[in-house]
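Keep the model open while you read.

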Amino acid sequence: LFLYQIMNGGRYNAQIVSLDEFAMPSEDWMSINVKKLNAPQNDTEPPEDLHQLSKETDRMRERAVGPGRSVTYEEWAEFAQDVKTRLARTNVTLTVDLRP
């Protein structure tokens, strides 16, 4: 939801950077944002699918860090691809790829 507001709200110059996750062979994202001076307020409501995606990502994190739980690398990779696809539909896409 945060990235949707940053990329679609018109109040920030933003970059979404892809880099390697620390200590894990997977992709991570980082956003770099600079607020525009005197930019008009545009609080566009994220689509319902992003609210659902937010809940799904919370559940995946809980599975990964909860006691006695785990997520396989294959599950992470598949889930990450689904997240990227769904975010791209709302103008939330990578702007810089630092992965080898």
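This is a predicted model. Begin with helix H3, residues 73–88. H3 has 16 residues, and at 1.5 Å a residue it should span 22 Å.

Now look at which side chains of H3 are hidden. Phe 79, Val 83, Arg 86 and Leu 87 are buried, each with under 20% relative accessible area. These four cover an arc of only 95 degrees around the axis, which means they sit on the same side of H3. Turn the helix over. The face away from the buried side carries Glu 74 and Glu 78, and both are exposed. What lies over the buried residues? The cover includes strand E2 and helix H2 (48–65).

E2 leads on to the sheet. The sheet is open and has three strands, in the order E2-E1-E3. Its pairing is mixed. E2 (27–35) and E3 (96–97) are the edge strands, and each pairs on one side only. Strands of a sheet pair through backbone hydrogen bonds, either parallel or antiparallel.

Next, follow E1, residues 12–20. How does E1 run relative to E2, parallel or antiparallel? The two run antiparallel, joined by nine bridges. Gln 15 stands opposite Ile 32 in E2, and Val 17 stands opposite Met 30 in E2.

Finally, trace the link between these strands. E1 and E2 form a hairpin, with six residues between them. In the turn, Ala 23 has a positive phi of about 60 degrees.

Note on methods. Residues numbered from 1 in each chain as written. Predicted model: local features only at pLDDT ≥ 70, side-chain atom pairs only at ≥ 80, totals over all residues. Heavy atoms only, no water. Pairing = 2+ DSSP bridges. Expected span 1.5 Å × (residues − 1). Buried < 20%, exposed > 50% of the residue type's maximum accessible area, 1.4 Å probe, protein only. Arc of directions from axis to C-beta. Contact = heavy atoms within 4.5 Å.
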